[in-house]
Amino acid sequence: MPAKIALSGTCYWCLQAVLDHMKGISNTRIGWYQHESDKFEVVTADWDPRQLPLAELLRVHLCMFCQGSAHALRSRYPHGIYFDNPDTIAEARGLLEQNPQASHLHVAATRELIAADERYQHLFLRYPGLPFCRRIVAPQMEVFFNEFSDLSRTATTTEMDTD
């Protein structure tokens, strides 16, 4: 049975585009988590740890979306990964303790998603030709396909219509 996860660390459209192409990930949704008086962008998903082991999920997240803790919009894009299972939270924290580059990645329980409007869901899949998708999301996808082709359901960005 899939687990519920959420990830934050960058623009939710970039996160969702990568997650939409990963083995073991399904039913992604973009939106926000509330923290005190602030909201921050997240992508929630169903995650099958049999298809995508936790260590691999963390490796992708750290490589793709957690390049350093300093960021002008860090409150809007905090580095986080959220699980619905306390045992998975403990396991993730244990794995991350072994990685000095992960010291700023927050691991916690999932929360209720404040979903973005339906027209903003799966932006890259639906509208890859938008200027934002071509300039911002497509380069992220290229990195993903180059670095993590073994975890992808799609081989390359050349297979997607980005014109």
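**A walk through the sheet and its helices**

Helices (H or I, at least four residues) and strands (E, at least two) are DSSP runs, numbered from the N terminus. Keep in mind that this is a predicted model, where local features need pLDDT of at least 70, side-chain atom pairs count only at pLDDT 80 or more, and totals for chains, interfaces and linings use all residues. Residues are numbered from 1 along each chain as its sequence is written, and side-chain values use heavy atoms, with hydrogens and water left out.

Within that unit, strand 4 and strand 5 pair in the parallel sense over four bridges; two strands count as paired if DSSP finds at least two bridges between them. Gly 80 sits opposite His 106 in strand 5.

Zooming out, six strands make up an open sheet with mixed pairing, in the order 5-4-1-3-2-6. Strand 5 (106–109) and strand 6 (114–115) are at the edges with a single partner strand each, so one side of each has no neighbour in the sheet.

Helix 1 packs on it, touching strand 1 (3–8), strand 2 and strand 3 (38–47), and its direction makes about 155 degrees with that of strand 2. Contact means heavy atoms within 4.5 Å; axes are lines fitted to C-alpha atoms, for helices over the stretch in contact, and angles run from 0 to 180 degrees between N-to-C directions. Helix 3 (residues 86–97) also packs on the sheet, touching strand 3, strand 4 (80–83) and strand 5, at about 175 degrees to the direction of strand 5.

For a residue-level look, take Thr 44 in strand 3. Thr 44 is buried, with a relative accessible area of 15%, where buried means under 20%, exposed over 50% and partly exposed in between (1.4 Å probe, protein chains only). Beyond its neighbours within four places in sequence, its contacts include Ile 5, Asn 27, Tyr 33 and Leu 113.

Finally, helix 5. Its buried residues are Cys 133, Val 137, Ala 138, Met 141, Phe 144 and Phe 145, and they pack against helix 1 (12–20), helix 2 (54–65) and helix 4 (123–126).
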